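Good morning, and thank you for coming.

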Amino acid sequence: MTDTATAVSRAEVVAVACAEAWRGDGEIVASPFGTIPAIGARLARLTFEPDLVLTDGEAALMANTPSVSSDRSHFVLEAWLPYRRVFDVVWSGRRHVMMMATQVDRYGNQNISCIGDWARPKTQLIGVRGAPGNTINHTTSYWVPSHSPRSFVDHVDMVGGVGYDRAAAAGPAATRFHEIRVVISNLGVFDFDTPDHAMRLRSLHPGVTVDDVVAATGFDLVIPSPVPTSRLPDAEELELIREVLDPTRLRDKELPE
Amino acid sequence: MGDKRVALDEMVADLRPGMTVGFGGWGSRRKPMAAVRAIVRAGIGDLTVVSYGGPDVGVLCAAGLVRKVVYGFVTLDSIALDPHFRAARQTGRIGAMEVDEGMFYLGLLAASQRLPFLPTRAGLGSDVLRVNPELRTVTSPYADAEELVAMPALTLDAAFVHLNRADTHGNGQILGPDPFFDELFLGAAARRFVTAEKVVAPGALLDEGPIQTVTVSRLLTDAVADVPGGAHFTSCPPDYDRDETFQKHYAASGADADAWAAFSERYLQVDELGYRAAVRETAASSATSARGAS
């Protein structure tokens, strides 16, 4: 093998960071949005979280752990989960979703609804989808492929996914099952493990500096000293990512080197 | 028992401007698109459209028939966003009620159970409550005293769903993997319309699939229309997948007013048979040009 083939890519580091988000979750539904989160959830199931439950992206749970480029003929299904039943899972809390965020703020409020004033948006996006209900009922994480002052903002334009400050203001019914676990970007991993749940830099991906992150973030982050480095995949994980879960390198399309 | 079969255009003739109309399916999946096309042909406007939104929303917005959309999202699935819905929102031409998709489900459920609202945590702390100031919270009367969102009933004047099979009495069958929320759309509506890929004799649905696939009983339907291809270009498994090529063609009609006018003239200012013929011609000519390119 050449050095080029063995050098770990940023996308592979992010896949491991995504897998780590589900560590300790046990027998719950892991719902990843995006290619690299999907690799991460499958990687977690094939290594340290074997009881995780994965969906087929349509109306069923999937017993096997095929590559993210597999077509449906390779899926082994284990149970029926149509959209209406998904809410039984969401509202019972047996789920940890990793959604994407067009905007995310200091307290983990998320927006995928629109840019600008909601009443007449500059840019209409998909809508809040299930973000309000997800965040208030079960653990939620976010994946932001392009970390910039436009995505990490002081205030999001429309709060779909509820952050810590907004949950607290809404009262005990809102905070009871609320947890924003991590935000993963192309630059690092972020959490809310601070006294007031303000976003903290948890780790930098290899090759990224604190200055890079600060320059790309539209609010003041909590920055520990020293800052850990996001962990690299071990040999088994690297082989699973490259040979089993993403042999066609879809991860590089989502996060080019 | 009555024979509930009617022509598609007869169903639409029951609609009036200003009605609140729900559409079954989800995103670009098993949408009652033939019914949407019939509404466009009939030109019934000022509608409040209630939908797990896909191209049903986009087509009606582009046709200028929408006063307001009630939605949790609008997407074409394989294409993330619908250009016509975006344009309608960005120009301020339509009103909107945007809610969490679980709140949306409870709104339909409340309407189908004749309840004023159902309580939920979903929405608490989010801007869904800010942008919909009519939404209220309710305090649990029990010891927990939790303050929850009171999702109001989404009561519909009419609902359209497109199913794989139906019988002449109005029982409906979904052979694909997901029934979505179609039963609830019908339950929430005063006028309940089912289109189907195939309408069979009473009792014959069990020749098509097991009893558990007959999820829509005739209690929930007023009229049935035999409309093969009635979900096109959205997916309708196992009868057909999404027509991705045509969906791209549809999305491209959002480029400008001329593109929409051309799309509308070719595919919407014709009846359903004319639509199918135009779709076949488009498919044939793009296959020819693809061969020419290679």
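Into which domains is chain B divided? There is domain 1, made of 1-115 + 153-294, and there is domain 2, made of 120-151. These bounds come from an automatic or database domain assignment.

Before I go on, a word on the source. This is a predicted model, in which local features need pLDDT of at least 70 and side-chain atom pairs count only at pLDDT 80 or more, while totals for chains, interfaces and linings use all residues. Residues are numbered from 1 along each chain as its sequence is written, and chains are lettered from A and ligands numbered from 1 in the order in which they are written.

Let us return to the two domains. The C-alpha centres of domain 1 of chain B and domain 2 of chain B are separated by 31 Å. Nine residues from domain 1 of chain B and eight residues from domain 2 of chain B take part in the contact between them; two residues are in contact if their C-beta atoms, placed from the backbone, lie within 7 Å. On the domain 1 side, strand E4 (95-98) and H5 of chain B each give two or more residues. Helices (H or I, at least four residues) and strands (E, at least two) are DSSP runs, numbered from the N terminus. The largest share of that side, five residues, belongs to H5(B). By class, the domain 1 side holds five nonpolar, two polar and two charged residues. Here Ala, Val, Leu, Ile, Met, Phe, Trp, Tyr, Cys and Pro count as nonpolar, Asp, Glu, Lys and Arg as charged, and the others, Gly among them, as polar.

I turn to the two chains. How many residues of chain B are in contact with chain A? There are 36, and they meet 36 residues of chain A. On the chain B side, the elements giving two or more residues are H4, H5, helix H6 (128-131) and strand E7 (147-152). That side has 18 nonpolar, eight polar and 10 charged residues.

Next, some details of the backbone. Most residues other than glycine have a negative phi, and most peptide bonds are trans. The bond from A:Ser225 to A:Pro226 is cis, with omega near -5°, and A:Pro226 sits in the loop between helix H8 (210-215) and helix H9 (235-245) of chain A. In chain B, the bond from B:His232 to B:Phe233 is cis, with omega near 10°. B:Asp77, which is not a glycine, has a positive phi of about 65°. B:Arg114 also has a positive phi, near 60°, and belongs to the loop between helix H5 (101-112) and strand E5 (117-120) of chain B.

Is B:Arg114 buried or exposed? B:Arg114 counts as exposed because it has 10 C-beta neighbours inside 10 Å. A residue is buried if 20 or more other C-beta atoms lie within 10 Å of its own, exposed if 12 or fewer, and partly exposed in between, with C-beta atoms placed from the backbone. B:Asp77 counts as partly exposed because it has 16 such neighbours.

B:Cys61, in helix H3 (residues 55-62) of chain B, counts as buried because it has 24 C-beta neighbours inside 10 Å. Beyond its neighbours within four places in sequence, B:Cys61 has contacts that include B:Val66, B:His84 and B:Phe85.

Finally, in chain A, 11 of the 12 residues of H3(A) are buried, among them A:Ile36 and A:Leu43.
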